[in-house]
Every structure is written in C-alpha cells, then in structure tokens.
Amino acid sequence: MTMSTMQTPQNGQASAAAPRGLSILGATGSVGTQTLEVVRLFPDRFDVRALTCGRNVERLAEQIREFRPAQVAVGAPERAEALKQELSPDGPEVQIQTGTDGLCAAATRPDVDVVMGAVVGFAGLRPVLAALQAGKQVALANKETLVVGGTLVDQALADGDGELLPVDSEHSAIFQCMAGEAERRVEEVVLTASGGPFWDRPADSFADVTVSEALDHPNWSMGPKITIDSATMMNKGLEVIEAKWLFDLAVDQIEVLVHPQSIVHSMVAFDDGAVKAQLGVPDMKVPIQYALSHPARWPAPHERLDWSSLSRLDFQRPDDEKFPCLRLAYEALEAGGTAPAVLNAANEVAVQRFLDEDIGFADIPRAVEAVLERQPLQSEPSLEGLVRADARARERTEELALPVRN
Ligand code: NAD
Ligand code: MG
C-alpha cells in the first residue's frame, strides 16, 4: 500500500480553511476520547459530525452534549434505548442508529471528510472499509482491521479516492521518518516494543499473573484489550502485520526491538546506511494529532521530552520463548489468507476469557496456537470468507478447554 501523500510536513499556521467534517468510530474509548481532546485544542479546524460507541452510552451522551454531532451509532442495539434516556428530556437533537450498519452510516456521511477508526477489534473492519470505499480519509488506530483485512483495505485504496493515515504510535513514527523519502529506499523498519509489565518476570510465574497485574502497563494508558495484548506481546505481532500493509514491506524487512523506555517510537533504516528515528514522550495525542494535521504540524502543548531526565535508551531482542505471540503473528503473516484473521479472532476471545478470569495468562498464546493449528486456512478470502473464518475461530476459542496439551 502506498500512502498517497508522503510530503515533507510544513510548519502549520492556523488556516482560514473551512473546518473538516469528522466522524469518530469508537469515540468513547481511549483513542476516541484523546481524539476529542485534540479537537478541543483546535475547535475551528473540525466539525464533529458523527460519533459511535459500543456500549458506553453514558459517555456518548456527554460527548453528544459537548460536540453536537448530527448522527451517532451504538454498536450494541440493546443500548440505544438507554442512550435516549440519557439524552432526555433536554438533550440535543441527534439521529441514533445501531449495529454495524449504524457504524458504516456514521463512517460514510457525505459531510464527513475524515474518519477516526478507533473501534477495538474485528468490529472495526466493515466501517473502515466502507469509509475508504466512500473516498474518506481514514486515520486508523484499529490495527485489527489491517491484520484481518489488509488485502481488502489495499483493494479499497487502489479502487477509490480513500486515504489511510496511521495512528498507532510506532506506525506514525515510521510515517514521520518516511516523510520526503522513497519507499523503495527502505531497507528495514524497526518497531519498538515496551516489553509490557512482564518483560523481566520469570516465565514460570506467568500462570499466576492476575488481571490487575496485566492491566498495569508501565508506559501507556490504553483500553483493556490492547493493554493485555501489550503484556503478551501479541500487540507487537499485530503491529508487524499492520506495518506490512501500511508500508508495503516484506516480512523480513520488519524487525522488533524491546525498548523499555518507550521514547523511540520506531525507526526506519535506509539503503545508504542512514537510520531515522522518531522520539517523544509516550502520549497518543501526538500521533493522533499528526494523523489529523498531516502533512502539516500544528503547535500544541503536549508534554515535551525532557532530555536531562533521560539517562539511557535500551534496546534488546524480544524473547520468543517467553512471549510466543510475536512468533505466532509472524507465522500467520507468512501463512497469509485467513491465518491472520484466525490469529486475531482467537486472540480477541482468549483475551476476553482472561479478563473474565476464565483462563490464565499463559493460556492466551496456547489458545491462539491451538486454534491456528486446528482451523483449515483459505488462501484468498473475500470479506464474507473472513467473516466466516473470524466467527469459526471465535467459536473454537470459546469452546477450547484449557490448558491445552498439544
Ligand atoms: P477502547 O476499548 O478504550 O475503546 C474502544 C472503542 O470501541 C469504544 O468506544 C467502544 O465503545 C467501541 N467498541 C468496542 N467494541 C465495539 C463493537 N463491537 N462495536 C462497536 N464499537 C465497539 O480501545 P482503545 O484502547 O481506544 O483502542 C482502540 C483501537 O486503537 C484498538 O484497535 C487498539 O489496538 C488501537 N490502539 C490503541 C492505542 C491506545 O493508546 N489506546 C494505541 C495504539 C493503537
Ligand atoms: Mg502501538
């Protein structure tokens, strides 16, 4: 996938241009609420036209009162009534839709220019595809969309006027390092990983990891699913697949290094031996804002890097024995077809089962590996084929008795 505008960022001045119509899918989550924080910093640049949530209608109602969108969608249809109650009797007029169709409608409104894709998981795939097919600019946080449907996203970009901008901090870093460079000059990219809360914890104690320990990420404050993915390092595996699609890379051009300080957000090595890195404090508002301001930069009061407090930057190879999820993701990427969709679905269900205290932390990679081994793969799936593979992998992972002995 070649991103359309690899220009050198200009120094952004407040423009007199008309505000851009914005739709935020997953507005009530961690990335969604931070997107609205960026909107608050630049109120003249955006008109919030649509917002969506899964179940959190209480927060959505607050956002409706503040940002006055024309339309909202609630992923869980049974929560729509609760939203109406939250808004009555004096709430603003707003069109309320539900389910995937509602999210797709919010993503494709004619008065929307840019869509923030910040739904978590497979649920984001259809709305993001719909937005690209409708020619929208999509700022994409929802990495699972690319993991599952990278081929379809590529197709939608090739067929229409849609545009994709990365939000994930590592991919934003690569995108920023790529500004002004030719993609073919890239030798490799290095995705940095924090290593999560258990990088130094002995693997033989992983069976005892509690949910609250796994939710306690050392550097980033994020939604529960990605926080668990960071602890298992599946997050980095999903990001390897995300990088492949965003930057049109071969598998062996994508390397992962554990960098516990999370200051270097990622690096690009070029074929003349030069390496560019993008650095900053771990704050998602910076990559969120860059996806919305690109190719400009807008001056903002986000926290600055304090060089004097940085005594060292460490880099280490990941440990595949201790964190098998990264290896499983590379294998799924190599296998192609429905394999990444199966990996993703099994992981989504296994993470939920762990959060529900139904399985142990060490069972997450076991479940993913067992389901990947058992599910026959299809090589060139359509969207419907991916939806079926996702559903089947979910059933298998839900039914899986753990621990699995292979
Ligand atoms: P989150 O759980 O905080 O928020 C998810 C949002 O999606 C919420 O608005 C929720 O209501 C909505 N949602 C959940 N399930 C849904 C469904 N089935 N249908 C419709 N809507 C649904 O998640 P997050 O941490 O904001 O992450 C969002 C995405 O961004 C994920 O793909 C994650 O990997 C990615 N990402 C997040 C961060 C971060 O700092 N949080 C960083 C990089 C990438
Ligand atoms: Mg990331």
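Which residue follows H10 with a positive phi? Asp248, with phi near 55°. Before the details, some ground rules. This is a predicted model: local features need pLDDT of at least 70, side-chain atom pairs count only at pLDDT 80 or more, and totals for chains, interfaces and linings use all residues. Residues count from 1 along each chain as written, chains are lettered from A and ligands numbered from 1 in written order, and side-chain values use heavy atoms, without hydrogens or water.

Back to H10. Helix H10 covers residues 234-247. Helices here are DSSP runs of H or I, at least four residues, and strands are E runs of at least two, numbered from the N terminus. H10 has 14 residues and spans 20 Å from first to last C-alpha, close to the 20 Å expected at 1.5 Å a residue. That expectation is 1.5 Å times one less than the number of residues. Of those 14 residues, 13 are buried. Buried is under 20% relative accessible area, exposed is over 50%, partly exposed is in between, with a 1.4 Å probe and protein chains only.

Now ligand 1. It has 24 residues around it, the closest being Thr28, Ser30, Gly54, Glu144 and Gly223. The cut-off is a heavy atom within 4 Å. Helices H1 (30-41), H6 (143-159) and H9 (224-232) each supply at least two residues of that shell.

Take the ligand oxygens. One is 2.7 Å from a polar backbone atom of Gly54. A polar side-chain atom of Glu144 lies 2.6 Å from a ligand 1 oxygen.

Last, Ser293. Ser293 sits in helix H11 (residues 285-293). Ser293 is buried, at 6% relative accessible area.

Conventions
A polar contact is a pair of N or O atoms within 3.5 Å; within protein, one must be able to donate a hydrogen and the other to accept it, and residues adjacent in sequence count only if both atoms are side-chain atoms.
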